[in-house]
Amino acid sequence: MSTDTLAAGLETALPTTLFRFATAGSVDDGKSTLVGRLLHDSKAILADTLDAVARTSADRGFGGEKGGIDLALLTDGLRAEREQGITIDVAYRYFATDRRSFILADCPGHVQYTKNTVTGASTADAVVVLIDARKGVLEQTRRHLSVLQLLRVAHVIVAVNKIDLVDFSEQVFRDIEADVQKVARELGLGSDGVADLLVVPVSALDGDNVVDRSERTPWYTGPALLEVLETLPAADELEAELESFRFPVQLVIRPQGALAPDAVAAGLDVEAYRDYRAYAGQITEGSVKVGDEVSVISPGHEPRITTVIGIDFAGQSLQEAAAPQSVAVRLADEIDIARGDTIAAAGTVRESSADLYASLAWLSPKPLREGQKVLVKHGTRTVQALVRNVTGKLDLATFGVEPTSTLELNDIGHAQLRLAAALPLENYLHHRRTGAFLVIDPIDGNTLAAGLVKDHPGDHEDERYVI
Amino acid sequence: MSTYTTEEPTVEVAAAVDAPSVERLSSLDTLESEAIHIIREVVAEFEKPALLFSGGKDSVVMLHLATKAFWPGKVPFPVLHVDTGHNFPEVIDFRDRTVERLGLKLVVGSVQEFIDRGELAERADGTRNPLQTVPLLDAIQRNKFDAVFGGGRRDEDKARAKERILSLRDEFGQWDPRNQRPELWNLYNGRHTVGQHVRAFPISNWTELDIWRYIERENIELPGLYYAHEREVFARDGMWRAVGEVSQPLPHEDVITKLVRYRTVGDMSCTGAVESDARTVADVVVEVAASTLTERGATRADDRISEAAMEDRKKDGYF
């Protein structure tokens, strides 16, 4: 591509939007090849990297007489990983098309798949799950889909890979598609209004239906994988449309005379900003306008109602802002507000609670015990918590729940926690940001679990949580 | 055994859903918002953060984001520069002007002082970039910084591709890739014990092209050597090296005057220029978008030492 046509392309294409997706599957499913294919065909791989990969492919005799490059090498990891022959954890990769910039969280399959899938899926707008067309839906597929359902990923795309190795058979694809739908039905995935599900036949090795639609699958009339990724709405877009404005306060901006010298030099009215006070944060869902009535939620207070009188962003006064913008909000009334408080659309937040009913994805080698003291980080607030009881562990393959009193690394289960302060907890099902929390080890500070608020405690009469 | 599903409706295999009506933030707006959120989290949760500032484009963008995060207040932390002693003079000048303009405190860790005291030895190849780790850790410990912002990006290198946005370092500054905390949603865990500190990388998710588009959009000033200029250079290791006090041509290396610019600005002894006629930021955006070489592959001798050069340096406490 010449510089001129590229420049013309840039002008018409800007601004692109951001889309985050993750891949889940094992090495055997051809995941590395698929990721390599996306990077390669979208021209994200530059010549020096490609040269190195071509040299290594030749050294290892890839493709035999035919030659060619081993696309899986494009995602080759750290030396520490090569030495042990394993993939350590999620790697982030970047590529762009005319329409979108992509952030790809490449999640390794075999080792600690729950930990990696949970991590990758927590920020993903979509997750691509790979299936080997020769093997169909395996137990691992069920596990992956189960985790994605739990994490409320907005779009799940199942790529039925190696379709070339089953002679592009429509029957094989349709059978696998039906199996995927059956699993999805058992899980409620794709039918509960939260997520949608798409099944695409691909050959990562040859590129069929990855970037361009393939002529070798005439029976498949849907979009190629990249087309899907370019057109699905990002989670931010969906979250910005919600009516429930949520704004966890990160810090108070109150310069008290310590104004930025560059702003003053640019003509900032020093007198007018002497008593400036605004609440800085990132809008986690919904939108806010100047003049909106909002509730301020702080522990130990009834929600206090006030009005938004200004939305500032680095010298700009905005009339309106939406998720995921980082802004500073000014309020009409002098209210004592600190980090950890939440500003929300008036009347949309339920009563704060110190009883937390949650699903926990346990990510630490230290098991969870009943009676254990932990820290819970929710939004911008961290509080102490007591694990009252562990009420069950999910069998990700059968989707059943087994009784247990402990959770170990890569388990997903349910627990009830008592918090040292009441928090504005919301059901993760509908609030992917304010329904999420971290469980942290107070001793060494490590992250123990990803937490998902299950239900509002007001919905439960029983002391012991019924699943 | 109960199941955790209740309904059994039919699943429709959905086609791609139409985009909703709300106007979407551009990818730069989204990345900017994410970076500002991270910068504010670190300032709120740590006692004494500092920002690594070299005058290089990524650190300039970081500082710009910090000014936006705290407007109309001052940037509430000092900047830290690890000076190799082999810097381009115009970059040092730019650094000092920037610090003055924003009213910041500048902390300098000096590689030269460590060499003079015999606590570091000059390498045979004359490259000083890998020597920065010791003065960096020394400055962190002496100033009791508990969080250090860096402009590292995951697209730069495969070791960086696996690093967290908040990366915990032990008392030796070491990065342990096998023992990283999972990073979930936008909830960052900055807990650390005495002696540990955290490296924070708010622009982890930016690419080189994002950086340049942002510099263009925000009209951010950079040291002049990022733009095409005439310079006396000689060819070494497939790169154009500037003639200067610390990078002298060998007898067989011819010095010529070329129109060049720098894609990265580091130590003069290991940073190469690229032939370019991109005199403005708009020219650079076009050039970077069309480039067929990675930023480090094209311009950094230190990353060519071995395939795992960055991985090794990071484990030892490098940026």
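This is a predicted model: local features need pLDDT of at least 70, side-chain atom pairs count only at pLDDT 80 or more; totals for chains, interfaces and linings use all residues.
Residues are numbered from 1 along each chain as its sequence is written, and chains are lettered from A, with ligands numbered from 1, in the order in which they are written.

V127(A) belongs to the largest nonpolar core, which has 206 residues, and V127(A), V156(A), V160(A) and L51(B) are the members that touch the most others. A nonpolar core here is a set of buried Ala, Val, Leu, Ile, Met, Phe, Trp, Tyr and Cys residues joined through C-beta atoms within 7 Å, and a residue is buried if 20 or more other C-beta atoms lie within 10 Å of its own, exposed if 12 or fewer, and partly exposed in between. In soluble globular proteins, nonpolar side chains tend to be buried together.

Let me turn to chain A as a whole. Its secondary structure comes to ten helices and 24 strands, where helices (H or I, at least four residues) and strands (E, at least two) are DSSP runs numbered from the N terminus. Buried residues make up 53% of the 467 residues in chain A, and among its contacts between residues at least 6 apart in sequence, 71% join residues at least 24 apart. As for confidence, pLDDT is the predictor's confidence in each residue, from 0 to 100, and chain A has a mean of 86, with 87% of its residues reaching 70 or more. Please be careful with two stretches of chain A: pLDDT stays under 50 over residues 1–13, for which the model has twelve contacts beyond four places in sequence, and also over residues 461–467, for which the model has 13 such contacts.

Chain A is divided into domain 1 (3–239), domain 2 (246–345) and domain 3 (353–454), with bounds that come from an automatic or database domain assignment. The C-alpha centres of domain 2 and domain 3 of chain A lie 31 Å apart, and the contact takes eleven residues from domain 2 and nine residues from domain 3. On the domain 2 side, strand β7 (residues 246–253) of chain A gives the most, with four residues. By class, that side of domain 2 has four nonpolar, four polar and three charged residues, counting Ala, Val, Leu, Ile, Met, Phe, Trp, Tyr, Cys and Pro as nonpolar, Asp, Glu, Lys and Arg as charged, and the others, Gly among them, as polar.

One residue of chain A touches both chains. L18(A), found in strand β1 (residues 17–24) of chain A, is buried, with 25 other C-beta atoms within 10 Å. Not counting residues up to four places away in sequence, L18(A) touches S101(A), I103(A) and A234(A) in its own chain, and S27(B), T30(B) and L31(B) in chain B.

That brings me to chain B, whose secondary structure comes to nine helices and eleven strands, and where 54% of the 319 residues count as buried. Four of its strands form an open sheet in the order β9-β8-β10-β11, with antiparallel pairing; two strands pair if DSSP finds at least two bridges between them. Strands β9 (239–242) and β11 (274–275) of chain B stand at the edges, each with a single partner strand, so one side of each is left without a neighbour in the sheet. Four bridges join strand β8 (residues 229–236) of chain B to β9(B), with R236(B) partnered by M239(B) and A235(B) standing opposite W240(B). In the hairpin of these two strands, which has two residues between them, D237(B) takes a positive phi near 55°. On to β10 (residues 256–261) of chain B, which five bridges join to β8(B), and where I256(B) is the bridge partner of V233(B).

Finally, in strand β6 (residues 166–169) of chain B, L166(B) and L168(B) point one way and S167(B) and R169(B) the other way, and all are buried.

Conventions
Two residues are in contact if their C-beta atoms, placed from the backbone, lie within 7 Å.
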